[in-house]
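Dear colleague,

Please find below the structure that I am handing over to you, followed by a summary of what was found in it. I would be grateful if you could read the summary with the structure open beside it.

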Amino acid sequence: MRQRLHERWTTRATRVLVTGLGVAGLTACDSLLEVELPHLLTDDAIQSANTAELQVNSAIALFECGYTHFGLTTLGHDDTMTSVSGVGSGNNVYSATAASGNCDTSDTAIAWFDQIMGARAMLSTTPSRMVATSQGTVTGDFPVGRGVYDRIQDEWGIAGVINGERLSALASIYVAMSLGHLGEIMCDMSIDGSDLLTPDEVLAVAEGWITSRALGHITNAGTGFTVMPFGVTSSATATTGGTPTEMALAVRARIRWARGDLAGADADAATVLGTRSRFTAWVTRDVGPTRRNKVWFTNTFQGYSGMMGLNRNWNGPARNPNPATGTQWPTILPFTGYIGLGLTPDGRALEPHPTGGAPSIPVRFAEEARNSTFAQVPCTVASPAPGCVVGAVQDHRVQHGRKQIQTGFYEVPFRYGTTAAGSDGNDIPYMTWEELRLIRAERYNQLNDRTNAIAQINAIRSAPSITGASSSNQAAAALPAISGAYLAALTDGTNDQAEMRAAIIEERRREFFSEGRYMATKIQNTDLTWFPRLQGSGLTYQNAGGVRLLLPADEYTNNPYMIARGRESARGTGCTTAAPGLLPGATVPLF
């Protein structure tokens, strides 16, 4: 997809000049691939109902740019990467604050917050559709009720806009995606100058945009809207593509999961999988600046950071405890390390922790080392490194290889391609059939139905896909199913629910490798996955900050509600600090 990204903007100033393109020609385009679209438009360019499709498409493009940047920076939050170069040192750090600024202004740019929030603002700013206390933007550059969805409903009328129902449905889906993402990640929020909102309050607004708007518009559009545009969805089974209803339900499943509504999320996941067993929604990418896959371009091709192995340098008894439980962490941290991951023949992805005090550490088929020819060193009886299991096979979902960065060699992700040029056009998964199955597994485990929970994981293992390689969602070689001794251990009536929960977390960790999704899993499982930062766990472990993220500081200084409450001191309880020396936001959220 070829699009220009130019001119600075913020969440309160969403505008850019349309240059070199006639408005009439733009409105005739039915694919973002066909023209160079700006992300943002001048007031003159949004006056006519004839530009409604251009405005919706531009909002989609803006969301996609922000989301791929988020995927880049969240590899620090996922404990996947750490900076090893003086260049791009902020790319993979566990930051406490959401990164704001322009989209893709440089090879190392990581700004995403303004793009996600701005895409939503382009679509709707009416308080009755968002938050009743919304005051509108501070500068007035994008005033109340001037989002394209608002104008289709209130000013132009759906019947007065070409494909009005289809555009209303698309706008509703992407409003939900934007707010859903922010509700998953932020510790508190404000929308268009509203008072502070908890994560669940933001997620509730997002869910409403699917339930009360998107699904109704899809129904009303009928045969005028049967397939999601731009290759946003795909499937290797049933029919190609994906219906708008499937897209809406997949988005809602993700939102409901983040709200803790496993029953609702499971119902949506079951519906989508029932009609399209390998459904995937994509954040579409294309070669070149402003449309490139930044996860691959910056971490694999440019190579400023290196992948992180098992964190065995923690010295847990000397560090701050987990504030979610009050217990000390062991020396080796659980659920860390992406190098040489493997599975045992009976499907185990986790080994008992060798020092106790934590649920598990990942199984590996090779030590976190390379020999003289850069081949991975297999696990042997003579070298029993923690988690290294003789006979384990490689988990090829977590692909990586060796790259020279400055004077040393480090592991980098090969999820979207090797270090050779040309993979920056590979799409990034937004919502996959694997995640839908893992939602189902989590719900079955909640119901103490381990048999069906295990069946969901085995369905993924039997036909795994390397989803980043292309939009075809190609199946790879099958991985070991949960069976034999491991199956017996998960169903023997002894601590089964907790053991299954840990297994699902680890499955998510591997499935979401380089997708920007595991951070949300950590937020929902802070008792098992959270540990304090800035605690000196080794010179190469430069992560810092908290679980959920803070709003950028200027959001507190421009919002009248925040000013009245003391600006940054207005931050909600989800952003508090539990221990001296930790950054704000470094605690488990209290909402």
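**Residues with a positive phi**

S514 is buried, with a relative accessible area of 1%. This residue is found in the loop between α13 and α14 (518-524). Most residues other than glycine have a negative phi. Please bear in mind throughout that the model is a predicted one.

F230 also has a phi near 65°, again positive in a residue other than glycine. The loop between α6 (199-221) and β4 (233-234) holds F230. With a relative accessibility of 13%, F230 counts as buried, since the cut-off for buried is under 20%.

**Overall picture**

The protein contains 17 helices and 15 strands. Of its 591 residues, 62% count as buried. The protein exposes about 19,500 Å², and carbon and sulfur atoms supply 53% of that area. Among contacts between residues at least 6 apart in sequence, 71% join residues at least 24 apart.

Two pairs of residues illustrate separations across the chain. N57, in helix α2 (residues 52-77), is buried, with a relative accessible area of 4%. The C-alpha atoms of N57 and F230 are separated by 9.7 Å, while the two residues are 173 residues apart along the chain. T275 lies in helix α8 (residues 262-275) and is partly exposed, at a relative accessible area of 45%.

**An enclosed helix**

In helix α3 (residues 113-123), 11 of the 11 residues are buried, so the helix is largely enclosed by the rest of the structure. Among these buried residues are F113, I116, M117 and L123, as well as D114, R120 and Q115. Which helices do the buried residues of α3 pack against? They pack against α2, α4 (148-156), α5 (164-185) and α16 (553-558).

**Two helix pairs**

The axes of helix α7 (residues 244-258) and α8 come within 8 Å and cross at roughly 155°. The two helices are therefore roughly antiparallel to each other, as angles over 145 degrees are counted in that way. The crossing of α7 past α8 is left-handed. On the α7 side, E246, L249, A250, R252, A253, R256 and W257 take part, and they meet L262, G264, A265, D268, A269, T271, V272 and T275 in α8. By class, this contact of α7 with α8 has eight nonpolar, three polar and four charged residues. T275, described above as partly exposed, is one of the α8 residues in this contact.

For helix α11 (residues 450-462) and helix α13 (residues 496-511), the axes come within 11 Å and cross at roughly 20°. That angle makes α11 roughly parallel to α13, because angles under 35 degrees count as roughly parallel. The crossing of α11 and α13 is left-handed. R450, A453, I454, I457, I460 and R461 in α11 meet D496, Q497, M500, I504, E507 and E511 in α13. By class, the contact of α11 with α13 has six nonpolar, one polar and five charged residues.

With kind regards

Definitions and conventions: Residues numbered from 1 in each chain as written. Predicted model: local features only at pLDDT ≥ 70, side-chain atom pairs only at ≥ 80, totals over all residues. Heavy atoms only, no water. Helix = DSSP H or I, 4+ residues; strand = E, 2+ residues; numbered from the N terminus. Buried < 20%, exposed > 50% of the residue type's maximum accessible area, 1.4 Å probe, protein only. Contact = heavy atoms within 4.5 Å. Areas by Shrake-Rupley, 256 points an atom, 1.4 Å probe, with all protein chains shown as cover. Axes fitted to C-alpha atoms, helices over the stretch in contact; angles between N-to-C directions. Parallel < 35°, antiparallel > 145°, perpendicular 65-115°, else oblique. Left-handed = near helix turned anticlockwise from the far one by under 90°. Nonpolar A, V, L, I, M, F, W, Y, C, P; charged D, E, K, R; others polar.
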